[in-house]
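The sequence and the structure are shown first.

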Amino acid sequence: FMISSCSMSLDSPMKSSSISYVAHAFQTPLSLHSKSRESRANYHKRRRVSSLLSTNQYSETLHNEQHTECNNLPFWCNHGILISSFSEGFSSQQKPTQQFLKRGLLNRLVREQLPSIEITVRESAISSPCTGPTDIDALNVYEKLNDYLERNDENDDSIRQLLMEHRSDAAEKLEMRLVYIPSAMYALRKDSSRSPGKQRQRARADGKKRRDVIVKTLQELVPEIPILAVTLDFDDGSIKQAVGFEVVNDIPKDGKQALELWKPHVVYVEGGNTFWLHHVMNNDNHDWTRRLKKACTGSGGAIYIGKSAGAIIAGVAMDTATWKGWDDPSVVPGMETPEQWKHVSGLGFLGNTSVFPHMSAEYAQLFQDKVNEVEGEQKENSEQPQF
């Protein structure tokens with residue numbers, strides 16, 4: 001995970017880590033194997049070669065095997081970035097965040113292209129079982145892509161070029177797919193002079209402008225690779241403002257298709273009213289929470305980018321959304337007060353961690369007071385008799 005301009009409450013009891021406009025990377029559970037990096041690389045290389053020389057039916061590739069080894073670890077998003085604002089999180093001063101995103105995009109593309117390249121190599125090995133694979137070019141590409149995944153090399157541009165050169169050899173189209181979710185922006189403001197319809201119209205226009213900036217950033221990070229983007233509203237499940245599609249029928253028909261069948265590379269959850277976002281995300285008719293978790297976890301999971309409200313909801317609980325009093329909880333029927341949002345669950349993409357965006361020196365004391373309050377509650381609860 002990459003966290004920018006947020007403060008985090010870690011583990012239980014809570015520990016605090018104030019991060020102000022500085023990006024920090026947190027390793028995911030996939031880095032917690034007992035084997036060293038070098039021994040894992042050698043181990044998987046032997047597995048890879050023996051697999052390619054086998055005539056058995058195609059099985060899942062090594063990156064899925066790595067994830068299976070970790071399936072008993074705490075629940076985490078596959079690859080995530082949490083920011084307070086896009087301009088701060090992806091500014092020219094935040095090179096680590098940009099590099100982290102670029103590495104994640106290429107990692108996701110490589111994993112998507114590998115299976116079809118493996119099949120090509122396997123079929124050439126079947127035709128010549130004594131000498132091994134005869135398609136040496138495909139074998140070299142396969143080895144280089146796997147080495148990139150295993151060693152986390154910094155040869156990002158060379159890997160992108162390799163994907164571009166061999167895109168005709170792969171069954172999967174080489175393209176980047178983005179699902180943009182601005183639902184938090186769509187909460188109606190009671191203090192607005194605009195009608196509800198005008199408010200929604202303005203919010204959709206603002207969301208389109210913000211999404212255009214995101215698409216431009218992705219294009220700069222992975223040039224020459226087409227970017228396809230759709231906007232998903234959790235409130236009604238609709239898909240709007242599709243761009244980059246050559247064939248109209250390729251556009252996902254609704255949000256369920258966008259998150260599941262379309263298999264996005266990036267899911268961007270926009271900021272706004274955190275309470276409204278949680279409300280529409282837990283719509284019983286759509287089950288967005290489960291679908292979003294499924295889309296962003298596992299070895300082929302999408303990169304989750306959460307901004308402000310999208311960062312808070314990625315955490316284990318919603319409490320931090322009430323701390324500054326910025327968002328109005330009364331937009332959610334039956335949950336109109338901040339007290340009702342204590343201990344309400346978020347997505348849990350960071351294990352047992354909550355997120356406090358827009359952190360600055362102004363909120364340092366507030367943050368510490370709230371952490372102390374939570375620690376006091378935890379201590380009190382631990383002293384209660386257990387039944």
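## An edge-to-face pair

Both Y304 and F349 are buried. The model in which they are described is a predicted one. The ring centres of Y304 and F349 lie 5.1 Å apart and the ring planes meet at 70°, so this pair is edge-to-face. Y304 belongs to strand β10 (residues 303–307), while F349 is found in the loop between α11 (309–312) and β11 (353–357).

## A stacked pair

In total, the structure holds 12 aromatic pairs. In one of them, the centres of the rings of F245 and W262 are 5.8 Å apart; their planes stand at 25°, which is under 30 degrees, and the pair is therefore stacked.

F245 is located in the loop between β8 (239–243) and α8 (255–259), and W262 in the loop between α8 and β9 (266–269). The two residues are 17 apart in sequence, so their pairing ties together the parts in which they lie. F245 has a relative accessibility of 18% and counts as buried, because the limit for that class is under 20%. W262 is buried as well, with a relative accessible area of 11%.

## An aromatic cluster and a lysine

One aromatic cluster is formed by W323, W326, F356, Y363 and F367. Two of these residues also have a lysine charge over their rings: the charged end of K324 sits over the ring of W326, at 4.7 Å from the ring centre, and over the ring of F356, at 4.0 Å from the ring centre.

A disulfide is a covalent bond between the sulfur atoms of two cysteines. Across the whole structure, the search finds zero disulfides. C77 takes part in none, and the nearest cysteine sulfur to it, belonging to C296, is 5.1 Å away.

Note on methods. Residues numbered from 1 in each chain as written. Predicted model: local features only at pLDDT ≥ 70, side-chain atom pairs only at ≥ 80, totals over all residues. Heavy atoms only, no water. Phe/Tyr/Trp six-rings, centres within 6.5 Å; stacked < 30°, edge-to-face > 60°. Helix = DSSP H or I, 4+ residues; strand = E, 2+ residues; numbered from the N terminus. Buried < 20%, exposed > 50% of the residue type's maximum accessible area, 1.4 Å probe, protein only. Lys NZ or Arg CZ within 6 Å of the ring centre and 35° of its normal. Disulfide = S-S within 2.5 Å.
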